Amino acid sequence: MKLLVADIGGTNARFGYQKNKGADIEKVEFLNCADFDNIDQALHHYISRNNLSVENLSLSVAGPCGDNFIKFTNNHWSFEKKDLLSKTNCNTLLAINDFAAQGLGFTSFFKARSNFLDKKILEQQNLQLLNQGTSLDGTNVLITGPGTGLGVGTLVFIDNVPLPVQGEGGNVHFSPASIEEVSLLEWLSTKIDYVSTEEVLSGRGLVNIYNYLCFKGNYVSELSTADQIGIAAKKGNELARNAARLMIEIFATSIANNILVTGSKKCVIICGGISTKLSNFFSDSKFFERLGNKGKYRDYVLDVPILLSFDDNNGLKGSAEAFYNPFFQMQKISN
């Protein structure tokens, strides 16, 4: 099969290689998107560096993938599928949304295990249980998490085969759920024409929240990146900690809203590096209070199991799964 798989966000591009269907994904490598003019240069660099023979491409992309032309939402890359297929001299190309791939990365996890909330199974899958809940079969799975943007995807199951519903849920309007968040929305509205949810739930979202708290408290902003704020928060910087807490609380509202919209009562899986880096703040914040702030639907939301994924390669696994998933065969293009 000689399949190159990719998981490409706004900042990083992760590549891997699968010799045959079912084989392990090997030669995993991180690249910084800013180091390359476009995706074809990054692919050429990865293939040449690892001396690979590649026949097929399966790319998970942070952005809409339905058209022939793909523009990444949060970086400067873009490509036409047919043109990229020609440049790489491959037989087949599939492009899917990155959080659709994240969802499909859990295909074997859901297929093979009825009791997937068992502690040993979760440990094997690098998953941490944040909220026990009770999984409801026959319903959907919400996959979400902040990164360079906010990823939101839904898994539905047809004859036990997962089908990801692709969308751009991170770009819905930010929905404040407290007086503090209303004030944050008002402040952001003076700086941004459209305040989407990912303007507060993402790397830049953490920076936006931190700058808002500096403005509100009349403090000098000393930190300028999400990494700096995250590190400072872990070291006890109170302003950075408050920014992290507020973002996690806003994330709870986003999760609860999406549970209600998608009927995801099987479970929620949180993915992405920001969530794992700030994992302590799920308990050191009002995350669970905000999660249950849904009136008469409080129990509906709080009874959903919530898992946090620490598997950095899950998007690559999902890209490979998508290539063989029966629902995606018509979306492939070939030479």
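Predicted model: local features only at pLDDT ≥ 70, side-chain atom pairs only at ≥ 80, totals over all residues.
A residue is called buried when its relative accessible area is under 20%, exposed when that area is over 50%, and partly exposed in between (1.4 Å probe, protein chains only). Residues are numbered from 1 along each chain as its sequence is written, and side-chain values use heavy atoms, with hydrogens and water left out.

The structure holds 14 aromatic pairs. Rings of Phe, Tyr and Trp (its six-membered ring) pair if their centres lie within 6.5 Å; planes under 30 degrees apart count as stacked, over 60 as edge-to-face and the rest as tilted. Take Trp-187 and Phe-215: this pair is tilted because the planes stand at 35°, with the ring centres 6.0 Å apart. Trp-187 belongs to helix H6 (residues 179-189) and Phe-215 to helix H7 (residues 203-217), so the pair links parts of the chain 28 residues apart; helices here are DSSP runs (H or I, at least four residues), numbered from the N terminus. Trp-187 counts as buried because its relative accessibility is 12%, whereas Phe-215, at 56%, counts as exposed.

Now look at Phe-282 and Phe-287, an edge-to-face pair with 4.9 Å from centre to centre and 90° between the planes. Phe-282 and Phe-287 are both buried.

Elsewhere, ring pairs join Phe-106, Phe-109, Phe-110, Phe-116 and Phe-157 into a cluster. Phe-157 also has Lys-266 over its face, 5.4 Å from the ring centre.

Notes:
Helix = DSSP H or I, 4+ residues; strand = E, 2+ residues; numbered from the N terminus. Lys NZ or Arg CZ within 6 Å of the ring centre and 35° of its normal.
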